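Dear colleague,

Please find the structure below, handed over for your use. My notes on it follow directly after.

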Amino acid sequence: MATTTTTETPRPTLFLRNATGLVKAWSTFDAFLYAFWSVNLVTLGLYGMSFVYAIPDGQLLLAVLLTGVLVTFLVLTYAQLVSAMPRAGGDYAWQSRILGGGVGFVLAITGWWFTLWLWTPIYANILVVQFFAPLAYTVGWTGVATFFGSKTGVFVSCLIVLAFVSWVITLGMEGYAKIQRFCFWLGMGGLVVMLGILLFSTHQAFIDAFNREAGSLFGATGNAYQATLAASTKGGGPTGVGFGAFGITSTFLLLPFLAFYLLWPVWGATLYGEVRGAKEYRKVFNAMFWGLWVTVALVAVIILLIVKTIGWDFYYAANASYWNSIFVAGAPAPPVGIWPYPVMLAGWLVNSHLFQALLIVVMGLWFFGWAGTLFLSSTRVIFAAAFDRVLPEWAANISAKRRVPYGSLVLMIIPSLVVSAIWAYQPSFQGIFLWATGVIAITFLGTVIAGAIMPWRRKDIFENSPIARFKVAGIPVITITGVVSAIFILFMIAEWSFNAVYGTSFSLNASSPIYFAVTYLVAIAIYVVARVVRKRQGIDLARIHREIPVE
Amino acid sequence: MRVFYATDLHGSEVCWRKFLNAAKFYDADVLICGGDMTGKAMIPLVEDGDGYELTLSGVSQRVGRDQVAEVESQVQRKGYYPVRMTSAQVAELEKDPQKVQTLFTEQMCKTVERWMQLAADKMKDSKVRIFVAPGNDDEMEIDEVIANAPRVELAEGKMIDIGGYEMISSGWANPTPWHTYREAPEEELTKRMQPMLLDIKDMSRAIFNFHPPPFGTSLDEAPALDENLKPLHGGRALRHVGSTAVREAIDKYQPMLSLHGHIHEGKGITRIGKTLAINPGSAYEEGMLLASIITLDPKKGIKNYQLVNG
């Protein structure tokens, strides 16, 4: 009945008996896949990097590497938290146990509930610019592409995202994990093809292909390549940007753009296991670390191939002319009137619309393999808050037959519909919502602070965890990594908030801080009301995380 | 009347002490331990000259004889059994699984006996009733130890009146991939429940204390495993693994309250018709006692309930 297991030494260090839950080690690759999807280099990465033209003398490749190094500290902090408090799993539980129930609720509910409503139109916009619009133009359905540019089209794209996300939740994580795996392999295949095309094509071939397809698909006349450069210059965009441009401050200022995708390898830090040890810590760390660094490496390859084949000045100019035509009054429209999706541009190097369409479809799997998880974390946080009696019981309800978490879905979908409608039909409000990334960063900030103080605040848990032995000059490593991560996150929050180069700046969106302050106040109000109401019912919410004395 | 329910302590000394202290801490009248109180692993502390060598959580260490008691406490805190032995004894155990099993049983019984004594010492002047229904991971031998305990009542297979509420208990579970000690096919679980169900006079005041959670709820979702017991998709893919027999019993009889454990990740509360079903989950490895407090009212039935991380 009993079995033995060993670590490094040949002698058994542990005898196990048959007991529920004693599973074998999970696959690091499976966990890597989740981290890799979270820092999605295509959907989030290419989209986020399309704004870096705003800081032309920043060195993008160096900034990507710097972000990778700094996010590694975040990965280290989360991996240690997973190792020390594995069952807790997630920002809400860690913060609640270390910082207190009220702080945990407010930070988690704002980051994982209220803010993800705002991500619906952001996801929808990515779906449109990376899938619907380029695909529709490629197959000649310009009417469809135009529709998705209209207010109703924007709203419909939000509905499509919401429908897809709801379907994923009803499907369950196991079903969706299979879809993700399929999307990963096919999407990676598409990426290899795209990189191969860029590698084996010349810059002149790209200019020719661009001019050809700009005319064929978008009706542009003359030298569209030069016209794009000119449109950028006229719209106030950068001119003649060289890849070697390097300014130290500017390079650091690129980091908040890159955080749009590179900050998320810890998105799904909850992992499972039992009778774990330090090895388990390394597994968690490896999964997130390699999810981050494989992405960093691929981004480096993409950047270098863009420099080689598309041309760095053109890449910046194409993005600048597109975004400026939307956001800068009087800026001329570029000859190619849609977002310069690098996948589409690479596809144009093959003179076949069928191939180009197929490449866009295959690369679209990077969206569908990733977007389904939009509300998964949210539903879990809502469940946890309902189990803690902070939210009403119905919020955690699941339908008897299909096991759909309709309570939490309602709490996500209805506000998301409202936000999507405002986004679509009142574009002036869009700027208010752009700071959404900042709210999630604040949630992460709460977690890294919790990690940094855990050795003192929850000494009992820390000292009995595998990470207790990780110290540098007597200081716990989790404190060091937590402090470094906190400084990094604070830097980005400050830049997003106060530097006008980012579209999120409060100076550009005066109502934005008010909106987000209100969401924090609403979260605080919910918690305070819950405390009062439950007190009347004889339930003391303060005792949820209060530790029972041992002796 | 206030009921404190915790489950799946899995040998954690800290959790058992917290369980006993919960009566005073939460002002509870009844303590119920839902099963799986015994540990899953045994850590050999191997004699080496004037000290001992051991590996805990993957970290190898050597401790002097004066430190060994402290290290043993650390091991117990995690829910493991520390056993001092020579390297020759380790080698002998490695070759003979039956000897390992015998040693496990011995350690389990010894620990449960010590826990029962602890309960007797701590609660000797208290009127709080304490119930334990061993779970599927608990070997049969511990039943006798509990039955002989002066302050703890063995609840397995009985209908027990607690302050006017009727509680029936069973730690038996539907089959698991680990082939544990109290597993049976669903039909047999139904047969085991039947006599106890017949004893209940008023289902609106009944408490089911069944270790496995009802199938198809949020309380029974565990990581999906492949045939080699390896979690699929990085442990994120979840599957319902609860008992259909328990689910059918709840669906049919609609007791006031249904208490469960077994699935540590399945922490939650759900309603099945009129029944409030609870699985407080387990985080024994962290030394945290996940539990639920249920306040019962003679008129209202369940007055309120709460999950706590004590």
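R129(B) is partly exposed, with a relative accessible area of 27%; buried here means under 20% relative accessible area, exposed over 50%, and partly exposed in between (1.4 Å probe, protein chains only). R129(B) forms a salt bridge with E153(B), the closest N and O atoms being 2.9 Å apart, where a salt bridge is a side-chain nitrogen of Lys or Arg within 4 Å of a carboxyl oxygen of Asp or Glu. E153(B) lies in strand 8 (residues 152–154) of chain B and R129(B) in strand 7 (residues 129–132) of chain B, so the pair ties together parts that are 24 residues apart in sequence. E153(B), at 28% relative accessibility, is likewise partly exposed. Helices (H or I, at least four residues) and strands (E, at least two) are DSSP runs, numbered from the N terminus.

The model is a predicted one: local features need pLDDT of at least 70 and side-chain atom pairs count only at pLDDT 80 or more, while totals for chains, interfaces and linings use all residues. Residues are numbered from 1 along each chain as its sequence is written, chains are lettered from A and ligands numbered from 1 in the order in which they are written, and side-chain values use heavy atoms, with hydrogens and water left out.

A further salt bridge joins E166(B) and K201(B) (3.8 Å, N to O). E166(B) belongs to strand 10 (residues 165–170) of chain B and K201(B) to the loop between helix 6 (186–199) and strand 11 (206–210) of chain B, so the pair links parts 35 residues apart in sequence. E166(B) is buried at 6% relative accessibility, whereas K201(B) is exposed at 72%.

Over all chains, the count comes to 19 salt bridges. The closest N and O atoms of E547(A) and K18(B) are 2.9 Å apart. E547(A) is partly exposed at 29% relative accessibility, and K18(B) is buried at 1%.

Across the interface of chain A and chain B, 4 salt bridges are found. The contact (heavy atoms within 4.5 Å) takes 74 residues from chain A and 87 residues from chain B. The two chains bury about 7,000 Å² between them, 54% of it on carbon and sulfur atoms; buried area is the accessible area (1.4 Å probe) that two parts lose on being put together, summed over both. F15(A), R17(A) and I548(A) supply 13% of the area that chain A buries against chain B, more than any other three residues.

Two residues of chain B deserve a note on their backbone. Most residues other than glycine have a negative phi. D27(B), however, has a phi near 60°; D27(B) sits in the loop between helix 1 (13–25) and strand 2 (30–33) of chain B and is exposed at 57% relative accessibility. D36(B) has a positive phi of about 55°; D36(B) is in the loop between strand 2 and strand 3 (41–48) of chain B and is buried at 0%.

Finally, in chain A, S497(A) is found in helix 22 (residues 477–498) and is buried, with a relative accessible area of 3%. S497(A) and G438(A) are 59 residues apart in sequence and 8.2 Å apart in space, C-alpha to C-alpha.

With kind regards
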